[in-house]
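Biologist: Could you take me through one part of this model, slowly and with the cut-offs spelled out? I would like to see how a single residue sits among its surroundings.

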Amino acid sequence: GCCIRDERLVQRDIPQFCLSHAERGFADGARTETFTFVLTQSDGTRLFCFCRRCDIGAVFRDSDCKESLCVVSLFPYFSLFSKLLQSIHVLRQLQPRSVHTFLEQFFYMPFPLPGEAF
């Protein structure tokens, strides 16, 4: 089954955290920021959320265009998911149509063993 048992997490909480910074600008002139948060379901299961917020206005010629990408996992693989979000961000700029294929391939890859690189 799915790891998200509480529908309110999907409908309200996750978007609230991922998009909560949309109104404010980026710190120190940065165009991206990566952050994490943890949500606890009613049964005590923790969901680890990895987000990357990007100012993509230059791509779409809209100075207020921002995007927030979020990965939700039962596993606290901070380095792995940070690299995934960074890869998606770069790939979207270089070959936007290939992101779906990239994510499908990533989804079916086995997780690295402890000490192995992604």
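Modeller: Happy to! Let us begin with a term: a residue is buried under 20% relative accessible area, exposed over 50% and partly exposed in between, using a 1.4 Å probe and protein chains only. Arg46 has a relative accessible area of 52%, so Arg46 is exposed.

A word on the ground rules. This is a predicted model, in which local features need pLDDT of at least 70 and side-chain atom pairs count only at pLDDT 80 or more, while totals for chains, interfaces and linings use all residues. Residues are numbered from 1 along each chain as its sequence is written, and side-chain values use heavy atoms, with hydrogens and water left out.

Now back to our residue. Arg46 belongs to strand S2, residues 46-55; helices (H or I, at least four residues) and strands (E, at least two) are DSSP runs, numbered from the N terminus. Contact means heavy atoms within 4.5 Å. Apart from neighbours within four places in sequence, Arg46 is in contact with Val38, Leu39, Thr40, Ser73 and Leu74. Leu74 is 28 residues from Arg46 in sequence, yet their C-alpha atoms are 6.4 Å apart in space.

You will find Leu74 in the loop between strand S3 (66-73) and H3. Its relative accessible area is 36%, so Leu74 is partly exposed. Together with Phe75, Tyr77 and Phe111, Leu74 makes a nonpolar surface patch of about 340 Å². Like charges are joined within 9 Å, and nonpolar side chains (Val, Leu, Ile, Met, Phe, Trp, Tyr) within 5 Å. Accessible areas come from the Shrake-Rupley method with a 1.4 Å probe, and for residues only the protein chains shown count as cover.

His89 counts as buried because its relative accessibility is 12%. Not counting residues up to four places away in sequence, His89 touches Thr32, Arg52 and Cys54.

Finally, the interior. A nonpolar core is a set of buried Ala, Val, Leu, Ile, Met, Phe, Trp, Tyr and Cys residues joined through side-chain atoms within 4.5 Å. The largest one has twelve residues, among them Phe48, Phe50, Leu69 and Val71. H3 gives this core its largest share, six residues. A second, separate core has seven residues, including Phe35, Phe37, Cys49 and Cys51.

Note on methods
Patch = residues over 30% accessible without salt bridge, like charges linked within 9 Å, V, L, I, M, F, W, Y side chains within 5 Å. Salt bridge = Lys/Arg side-chain N within 4 Å of Asp/Glu carboxyl O.
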